[in-house]
Amino acid sequence: MSQDSATATEAARKLTGRRRREVVAVLLFSGGPIFESSIPLSVFGIDRQDAGVPRYRLLVCGGEEGPLRTTGGLELSTPYGLEAISRAGTVVVPAWRSITSPPPAEALDALRRAHEEGARIVGLCTGAFVLAAAGLLDGRPATTHWMYAPTLAKRYPSVHVDPRELFVDDGDVLTSAGTAAGIDLCLHIVRTDHGTEAAGALARRLVVPPRRSGGQERYLDRSLPEEIGSDPLAEVVAWALEHLHEQFDVETLAARAYMSRRTFDRRFRSLTGSAPLQWLITQRVLQAQRLLETSDFSVDEVAGRCGFRSPVALRGHFRRQLGSSPAAYRAAYRARRPQGGGLESITTVLNPVVPAQGTVSGRRPAPAGPAPVTAGSGGSTEHLKPGPDAYAPGRPALPGQRHAP
């Protein structure tokens, strides 16, 4: 039995008598974005039994007094309130209106009770902040939109935030990255509950891949949380971003901050949600990505201009983070750019749909081309392996997915 099936069965056995596995409650709040809010409504609220998709019973619940305002000033009224959550085997929080404001206490209490009674709790995008506020992510791996991951990590230090994943399945608590990643997680839930064929049929109806490979790495930018601007580390971070063409390591950054390596690691993680080594490698890869898109430098020249000690090191880290070799990435980018350009337009070229076989595979299936490079910076494999301060233990069993170890 796969880990997906095992965790789903365990969660089902824990449900109290009044809760039903097929009942899905979606918890909406005023100010929530309409796209994220509509994802679980579409996945779990439409009868598609004619296509071979088992039916769920949807309960749309208001997390506070209505009417609820959403994108564009639209007003929504929900047929149910918080009391209906007591019947659900799965509770989905698709989004939260503001990462700086606390969710209503009544809603947090309802989520805690649901979890205690065996319900599966799901947070899509910024919905992870609601789960964290309820204490449901304490000591667990989780993800959210990459842009808000540092804030989530700083505000809730007991949560093991991994901004690289499309979604994280920790058994009875699941979280997804931003916006469209909510579709990935909802499809994963259908796959867990009813198998690969049902999830594939639903994906065809939604006209989306049944399972995307890769994670959020390709969408990351150089942004850091606004709070770092007044921190003493801000100057060190700015220096690092301006000198990516030079060869330096985390010890160099720690020295510039007048801190020990251990203290620097701890302070850096508290501010950014990332381990400094992983952050530095990511910034070098992102710089290489930009040069491949905007210049005619050879791969060897790009490696030197991004601070990698060798082209071999660049290829290894580039493939690890983006699932492609630098040469293949550039070729795909240039081939697709006339039709629309931009990074998003080449996603399907670099990350073809993984056939829904129901088998466990590696996190980064390598595309056709040169064999994966395993050498790290300076010819060692050290920098290709997550260090002891990596986001959370374990790696995903499926592309774009992560499970608890």
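**Ground rules.** I number residues from 1 along each chain as its sequence is written, and side-chain values use heavy atoms, with hydrogens and water left out. In this predicted model local features need pLDDT of at least 70 and side-chain atom pairs count only at pLDDT 80 or more, while totals for chains, interfaces and linings use all residues.

**Whole chain.** I looked up the elements and found 15 helices and 11 strands. Both are DSSP runs numbered from the N terminus (helices H or I, at least four residues; strands E, at least two). The chain has 405 residues, and 53% of them count as buried. Buried means under 20% relative accessible area, exposed over 50%, and partly exposed in between (1.4 Å probe, protein chains only). I then checked contacts, meaning heavy atoms within 4.5 Å. Of those with a separation of 6 or more, 69% join residues 24 or more positions apart.

**Strand β1.** I started at β1 (residues 20-28) and looked for its partners. Pairing takes at least two bridges found by DSSP. β1 runs parallel to β2 (residues 57-62), with 6 bridges. Leucine 28 faces glycine 62 of β2. β1 also runs parallel to β5, with 4 bridges. There, arginine 20 is paired with alanine 88. With helix α2 (residues 34-45) between them, β1 and β2 form a right-handed β-α-β unit. Right-handed means that, with the strands pointing away from the viewer, the path from the first strand over the helix to the second runs clockwise.

**Strands β5 and β6.** I found 6 of the 6 residues of β5 buried. β5 and β6 are parallel and share 4 bridges.

**Helix α3.** Which residues of α3 are buried? I noted Ala107, Leu108, Ala110, Leu111 and Ala114. They sit on the same side of α3, because their arc around the axis is only 160° (taken from the directions from the helix axis to the C-beta atoms). Their cover includes β1, β5 (88-93), β6 (120-123) and α4 (127-133). Glu106 and Glu116 are exposed, on the face turned away from the buried side. I also checked the length: α3 (residues 105-116) has 12 residues and should span 16 Å at 1.5 Å a residue, so the 17 Å between its end C-alpha atoms agrees. The expected span is 1.5 Å times one less than the number of residues. After α3 comes glycine 118, with a positive phi near 100°.
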